[in-house]
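User: I would like to learn how to read the features of a protein model one at a time. Please give the general idea first and then the case at hand.

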Amino acid sequence: QVQLVESGGGLVQAGGSLRLSCAASRSILSIGFMGWFRQTPGNQREMAATMSNGGSTNYADSVKGRFTISRETAKNTVYLQMNSLTPEDTAVYYCNAKMWDRGWQNYWGQGTQVTVSS
């Protein structure tokens with residue numbers, strides 16, 4: 001199992017930047033995939049960016065070129081740097097850890113609100 005604690009959300013104007021952090025309770029190199037998902041009211045949670053424990057990254061088309069996922073293994077922390085934010089990026093952002101334990105198991109943080117004003 002793993003516990004995830006997010007931080008870094010807030011209110012920002014369009015065109016601005018924010019960095020989200022996700023601290024894991026175990027070595028992130030022991031976790032198959034870590035990533036950031038986002039959800040708006042009435043909609044399904046959608047992937048924004050993921051990173052494998054080997055370092056491979058994947059981004060949703062809507063955030064490519066603007067968001068960057070990175071990690072600091074010594075701190076067991078994954079980051080999401082978000083630049084050129086638009087109101088469409090407004091959502092609750094959730095950190096996700098995907099681990100193999102007799103099948104893929106998903107773990108989620110509590111979520112952090114990101115609001116982009118126009």
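User: Does Cys95 count as buried or exposed?

Analyst: Buried means under 20% relative accessible area, exposed over 50%, and partly exposed in between, with a 1.4 Å probe and protein chains only. Cys95, at 0% relative accessibility, counts as buried. Before we proceed, note that this is a predicted model, in which local features need pLDDT of at least 70, side-chain atom pairs count only at pLDDT 80 or more, and totals for chains, interfaces and linings use all residues. Residues are numbered from 1 along each chain as its sequence is written, and side-chain values use heavy atoms, with hydrogens and water left out.

User: Which residue does a disulfide join to Cys95?

Analyst: A disulfide is a pair of cysteine sulfur atoms within 2.5 Å. The search of the whole structure finds one disulfide, and its partners are Cys22 and Cys95, with an S to S distance of 2.0 Å. Cys22 is buried too, with a relative accessible area of 0%.

User: How is the handedness of the disulfide read, and which parts of the chain does the pair tie together?

Analyst: The torsion about the S-S bond of Cys22 and Cys95 is about -80 degrees, so the disulfide is left-handed. For the location, one needs the elements: helices (H or I, at least four residues) and strands (E, at least two) are DSSP runs, numbered from the N terminus. Cys22 lies in strand E3 (residues 18–24) and Cys95 in strand E9, so the pair ties together parts that are 73 residues apart in sequence.

User: How many aromatic pairs does the search find?

Analyst: Rings of Phe, Tyr and Trp (its six-membered ring) pair if their centres lie within 6.5 Å; planes under 30 degrees apart count as stacked, over 60 as edge-to-face and the rest as tilted. The search of the whole structure finds four aromatic pairs. One of them is formed by Tyr94 and Trp108, which is edge-to-face at 6.5 Å centre to centre, with 90 degrees between the planes. This pair links distant parts of the chain, with Tyr94 in strand E9 (residues 91–100) and Trp108 in strand E10 (residues 104–108), 14 residues apart. Tyr94 is buried at a relative accessible area of 15%, whereas Trp108 is partly exposed at 35%. Phe33, Trp100 and Trp104 form one aromatic cluster.

User: Which residue lies over the face of Tyr94?

Analyst: A charge sits over a ring if NZ of Lys or CZ of Arg is within 6 Å of the ring centre and within 35 degrees of the ring normal. Arg45 lies over the face of Tyr94, at 3.6 Å from the ring centre. Trp104, a member of the aromatic cluster, has Lys98 over its face at 5.7 Å from the ring centre.

User: Which residues line the largest cavity?

Analyst: On a 1 Å grid over the protein atoms alone, a cavity is a set of points where a 1.4 Å probe fits but cannot get out; lining residues have an atom within 4 Å of a point. Grid points are joined across faces, edges and corners, and a volume is the space filled by probe spheres set on the points. The structure holds one cavity of 30 Å³ or more, and the largest has a volume of about 40 Å³. Its lining consists of Ile28, Ile31, Met34, Met51, Ser52, Asn53, Arg71 and Val78.

User: Where is Asn76 found, and what is its phi?

Analyst: Asn76 is in the loop between strand E7 (67–72) and strand E8 (77–82). Its phi is near 50 degrees, a positive value in a residue other than glycine. Arg102, in the loop between E9 and E10, likewise has a positive phi, near 55 degrees, and is exposed at 79% relative accessibility.

Technical notes: 1 Å grid on protein atoms, 1.4 Å probe; cavity = no way out; pocket = protein on both sides within 12 Å on 5 of 7 lines; lining within 4 Å.
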